[in-house]
Amino acid sequence: MRRRWIFLCAAIFCAMLGCAIYAAPCALSGGVFIQSGAAKNEPTKIVTDETGRRVAIPADVKRIVSLAPNLTETIYALGLEERLAGDTDYCDTPPAAKLKPHVGGAQNPSLEAIVALHPDLVLATTSINRIETVDGLAKVGVAVYTTDPQTVRGMLESTAHIAGLMEAEAQGSALVAKLQARLDAVLARLADVPPVHALFVVWEDPLITIGQNTFIADAMRWAGAESVILSRQKWPRISFEEVVRLQPEYIVFASDHAGFGAEELGALRSREAWKQLRAVELGHIAVISEEINRPSPGLVDAVEQLAREVHPDAFREMENGKVKIENGRGQRQMTRANFGVQELKGLKPRDLSANGLSPLKRRPTNQERAAEALRAAIKPGSTAGSDACAGATL
């Protein structure tokens, strides 16, 4: 778990410094990189990666080096792991990925180690890899395709692109269709359920969360949750006073540690500052898989898990007259207070634009929505009001 947190923090640091890969290629030969296959006089094809770079790659890609954990996971999900010649020190999903030859970290991989593996293609991503790495490999004739998934659908598109690079369109189409079907099933469950407002904690001290234009924020929306912080920054640092003012309905952490939820709730309840949050008082702490931190097929697992955590009622099913709740880790009894009916008092909106933040409006309660619907239905001098009230419960 510690290794993954270090990896995520490195990605955040990279993004803050603006050193992630961007669409500004050092093009060669008319804007096309003359790379691996072309140098060997092998058949090549020209593709445009997700940053806009035009890259010449071998027509038959047999050996791949992955420079990010999400890319390695995608290769395994496609069933193409036999073509994976190497990956990074942080590639650990699935566990078999740890047995592959490593080329160093994602931020500073060894170019010599990459070249020594004789890859037909290197896969990179804007979320963690550096443009210097791509340019360095291009100069020595190694083809690099860079992905840039910013949303859940972007992750699905990247998965299909990677499959296409390796002439594995059938596997790509099947995997994407399966993942999309699971996402559609979540949406169907949440069709009539209003989203909850949640704080996703990237780091506690200093308190760092997510901006709305990240794939994590998009994954939360698929799960029926909106980030309580609206920021143009990808990884905004916020004050705890701001969190107390906004009073999120849920606090969301990512961890693969089985007992992390109970441990974190106990720890937060012991701190004077965190005890000011109603979410902590009510035990509204959602701990989900660290797959939420990776734009790879496992992201769908995290979406499903988060949806079950923050909308348990939507996943209730009746069995032998008893209520059961699916939570992705087996069935368990769950009782949650109805936070949505509680009034948030003393929250005055203020201008946050100077910090790249936008104020978040409080979501109306179920009672308020019902009352508003009744007021709209009632017209002076009509009996509609009594008819409508006959079936309403406030």
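Is aspartate 313 buried or exposed? At 55% relative accessibility, aspartate 313 counts as exposed (exposed means over 50% relative accessible area, buried under 20%, and partly exposed in between, with a 1.4 Å probe and protein chains only).

Welcome to a short tour of this structure, which is a predicted model: local features need pLDDT of at least 70, side-chain atom pairs count only at pLDDT 80 or more, and totals for chains, interfaces and linings use all residues. Residues are numbered from 1 along each chain as its sequence is written, and side-chain values use heavy atoms, with hydrogens and water left out.

**Overall picture and confidence**

- The chain has 14 helices and 15 strands (DSSP runs numbered from the N terminus, with H or I over at least four residues for helices and E over at least two for strands).
- Of the chain's 394 residues, 51% count as buried.
- Among contacts between residues at least 6 apart in sequence, 63% join residues at least 24 apart (contact means heavy atoms within 4.5 Å).
- The mean pLDDT of the chain is 78, and 68% of the residues reach 70 or more (pLDDT is the predictor's confidence in each residue, from 0 to 100).
- Over residues 13–39 the pLDDT is below 50, and this stretch has 64 contacts in the model beyond near neighbours in sequence.
- Residues 318–323 also have pLDDT under 50, and for them the model has six contacts beyond four places in sequence.

**Salt bridges**

- Side chains of opposite charge can pair when their charged atoms come close.
- A search of the whole structure finds 13 salt bridges (a side-chain nitrogen of Lys or Arg within 4 Å of a carboxyl oxygen of Asp or Glu).
- One of them joins lysine 45 to glutamate 167, with the closest N and O atoms 2.8 Å apart.
- This pair links distant parts of the chain, 122 residues apart: lysine 45 sits in strand S2 (residues 44–48), while glutamate 167 is in the loop between helix H6 (152–165) and helix H7 (169–189).
- Lysine 45 counts as partly exposed because its relative accessibility is 21%, and glutamate 167 is partly exposed at 48%.
- Aspartate 60 and lysine 62 meet in a salt bridge with an N to O distance of 3.7 Å.
- Aspartate 60 is partly exposed at 45%, whereas lysine 62 is exposed at 54%.
- Arginine 316 forms a salt bridge with aspartate 313, the closest N and O atoms being 2.6 Å apart.
- In that pair, arginine 316 is partly exposed at 34% relative accessibility, whereas aspartate 313 is exposed at 55%.
- A network of salt bridges links Glu73, Asp92 and Arg294.

**Two buried glutamates**

- Glutamate 291 lies in the loop between strand S12 (285–288) and helix H12 (299–310).
- Although buried, glutamate 291 has no salt bridge; the nearest side chain of opposite charge, arginine 294, is 4.7 Å away (Lys and Arg count as positive, Asp and Glu as negative, while His and the chain ends are not counted).
- Leaving aside neighbours within four places in sequence, glutamate 291 is in contact with Glu73, Thr93, Ser296, Gly298, Leu299 and Ala302.
- Glutamate 304 has its place in helix H12 and counts as buried because its relative accessible area is 16%.
- Beyond neighbours within four places in sequence, glutamate 304 is in contact with Arg182 and Val186.

**A parallel sheet and its helices**

- Strands of a sheet pair through backbone hydrogen bonds, either parallel or antiparallel.
- Here an open sheet of four strands has the order S9-S8-S11-S12, with parallel pairing (two strands pair if DSSP finds at least two bridges between them).
- Strand S9 (225–227) and S12 stand at the edges with a single partner strand each, so one side of each is left without a neighbour in the sheet.
- On average, neighbouring strands of this sheet are turned by 40° against each other, direction ignored (axes are lines fitted to C-alpha atoms, for helices over the stretch in contact, and angles run from 0 to 180 degrees between N-to-C directions).
- Helix H8 (residues 215–222) packs on the sheet, touching strand S8 (196–200) and S9, and its direction makes about 150° with that of S9.
- Four bridges join strand S11 (residues 250–254) to S12, and the two run parallel.
- Alanine 254 has isoleucine 288 as its bridge partner in S12.
- H12 lies across S8, S11 and S12, running at about 160° to S12.
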